[in-house]
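I opened this model to look up how its parts pack together. These are my notes, in the order I made them.

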Amino acid sequence: MRRTIVIASLAVVGMVAAACGSSTGGANQSSTNQSSSSSGGSSETAKAGGAGGNVGVFTWWADGSEKKGLDALVKLFGEKFPNDKFVNLAVAGGAGSNAKAKLAADLQAGNPPDSFQGHAGAELTDYINNGQILPVDDLYKAEGWDNVFPADLLARLTVGGHIYSVPSNIHRANVVWVNNKVLTKAGLDPKAAPKDIAAWIADMDKLKAAGISTPLSVAGTWTQVELLETVLISDLGVDGYNGLFDGKTDWASADVTKGLNDYKTLLTYANTAADGDDWPGATDAVIDGKAAYNVMGDWAVAEFASKGQKDGTDYSYWAVPGQDGVYDFLADSFTLPKGAPNAEGAKDWLRLIGSDQGQHDFNLAKGSIPARTDIKPDDFPPYQQWAMGEFQKDKIVSSIAHGAAVNLGWGTEISQAVSQFYGSKDVAALQAALVTAAKSNIK
Ligand code: BGC
């Protein structure tokens, strides 16, 4: 039995704040071979599949190790649905940093792809409340998925008794990736996690003394938001952190101030980053021995693997100090947009996403663990086997940076505050901005 995923319920507001910027073209593939079109109705019964035509799928898995995950799905899609032609609409930029604004503009312009990647939780609830995606209950019934996905995950994808997307995976955001050689050289045990943030900072001093000038690697704004959320989890504890999203924890409290100060201190051990720097550079800094630590979601393990790194020998991993037994959760989940040009083809894609083989092949390549509960861990490398075990027993919290805890508008406000802080290092101003953002989003 899985324990409950504790995710604060959110009042989801209005249209996506990030839906700005200009769009010069639709999200849709140009096609002379669209086999069917949809007026946006959702009530057709699921057919056996193999609709035919182009199937345009929008993700941000555009390059590197993330693309390998997508490629595993595309290969299987070609085998299972040979009449369908996958069209890759990926927009590069980790965590959807560029993709989400483009998607929002396309959806607003009535120009949706056939399916798009979203995050389980508040972010997908945004699209549902905006009337931009359709229920896929019929697929769940036909494929028997109600029994293979965790009920508490399905609850995060359900609104008004209908389920609106198909989860492909579960990722963990609060992982520290460690260069073994660098730590050993500084007299530190790479496999032993410091007990809290203070002990971790003390280890960073030892690393500095050993000649590692920036022990911690960071990239652009969303990776800083991810780092910040993990510091808040450590300093506030699980209940305190969860309370940030339903008003039970005051963003103006002294505990949050402590978290923000710890975050500020951590940044003094990190490299300089520009807003748009993407995550592979930060993870590669650990691989290359330029940094000792990177806090990154477990898509990083695919990067280590793609660079020939050996688990346990070259690198280690542990939960961010002070949160052993806590799983900072997020899940990618695929949708059926209203007005998808090839709704039947989109359903084929969703069939693949939810299938046992799809979940097996994709997660093997992606670093995440299957959302389905019936995939055996045996085929998976050590990291994922460890993560599957942890997910079963840990307390689960929701990621801010990856759309599980906060809706798109709130996430944008937090990102702007974190980006400004990176320049100003003004804790009081950051906290004030976070308080304002919470006030306008917690109803
Ligand atoms: C997604 C992951 C992706 C990561 C980095 C997250 O928001 O859920 O699938 O690998 O961003 O791009």
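**Entry 1: H15 and H16.** I started with helix H15 (residues 408–424) and H16, which pack at an angle of about 175° with their axes 9 Å apart. That makes H15 roughly antiparallel to H16, because angles over 145 degrees count as roughly antiparallel, under 35 as roughly parallel, 65 to 115 as roughly perpendicular and the rest as oblique. The axes are lines fitted to C-alpha atoms, for helices over the stretch in contact, and the angles run from 0 to 180 degrees between N-to-C directions. Helices here are DSSP runs (H or I, at least four residues), as are strands (E, at least two), and both are numbered from the N terminus.

I listed who meets whom, with contact meaning heavy atoms within 4.5 Å. From H15 come Trp-410, Glu-413, Ile-414, Ala-417, Val-418 and Phe-421. They meet Val-427, Leu-430, Ala-433, Leu-434, Ala-437, Ala-438, Ser-440 and Asn-441 in H16. By class, this contact has 11 nonpolar, 2 polar and 1 charged residues. Nonpolar covers Ala, Val, Leu, Ile, Met, Phe, Trp, Tyr, Cys and Pro; charged covers Asp, Glu, Lys and Arg; the others, Gly among them, are polar.

**Note on the model.** The model is predicted, so I kept its limits in view: local features need pLDDT of at least 70, side-chain atom pairs count only at pLDDT 80 or more, and totals for chains, interfaces and linings use all residues. Residues are numbered from 1 along each chain as its sequence is written, and side-chain values use heavy atoms, with hydrogens and water left out.

**Entry 2: H9 and H16.** What angle do helix H9 (residues 254–267) and helix H16 (residues 427–441) make? I found about 130°, with the axes 10 Å apart. That makes H9 oblique to H16. The contact uses Val-256, Thr-257, Leu-260, Asn-261 and Lys-264 of H9. On the H16 side are Val-427, Leu-430, Gln-431 and Leu-434. These residues divide into 5 nonpolar, 3 polar and 1 charged.

**Entry 3: H12.** Next I checked the length of helix H12 (residues 343–354). At 1.5 Å a residue, its 12 residues should span 16 Å, and its end C-alpha atoms are 16 Å apart, which agrees. The expected span is 1.5 Å times one less than the number of residues. Is H12 mostly covered or uncovered? It is mostly covered: 12 of its 12 residues are buried. Buried means under 20% relative accessible area, exposed over 50%, and partly exposed in between (1.4 Å probe, protein chains only).

**Entry 4: H1.** Helix H1 (residues 64–80) has 17 residues and reaches 25 Å from first C-alpha to last, close to the 24 Å expected. Its buried residues include Leu-70, Leu-73 and Phe-77. Among the elements that cover the buried residues of H1 are strand S2 (84–88) and H12.

Entry 5: Phe-86 lies in strand S2. It is buried, with a relative accessible area of 16%. Leaving aside neighbours within four places in sequence, I saw Phe-86 in contact with Val-55, Val-57, Leu-70, Val-74, Phe-77 and Trp-349.

Gln-384 is found in helix H14 (residues 382–393). At 2% relative accessibility, Gln-384 counts as buried. Gln-384 and Asp-298 are 86 residues apart in sequence, yet 8.9 Å apart in space, C-alpha to C-alpha.

**Entry 6: the whole protein.** I ended with the totals. There are 16 helices and 14 strands. Of the 443 residues, 60% count as buried.
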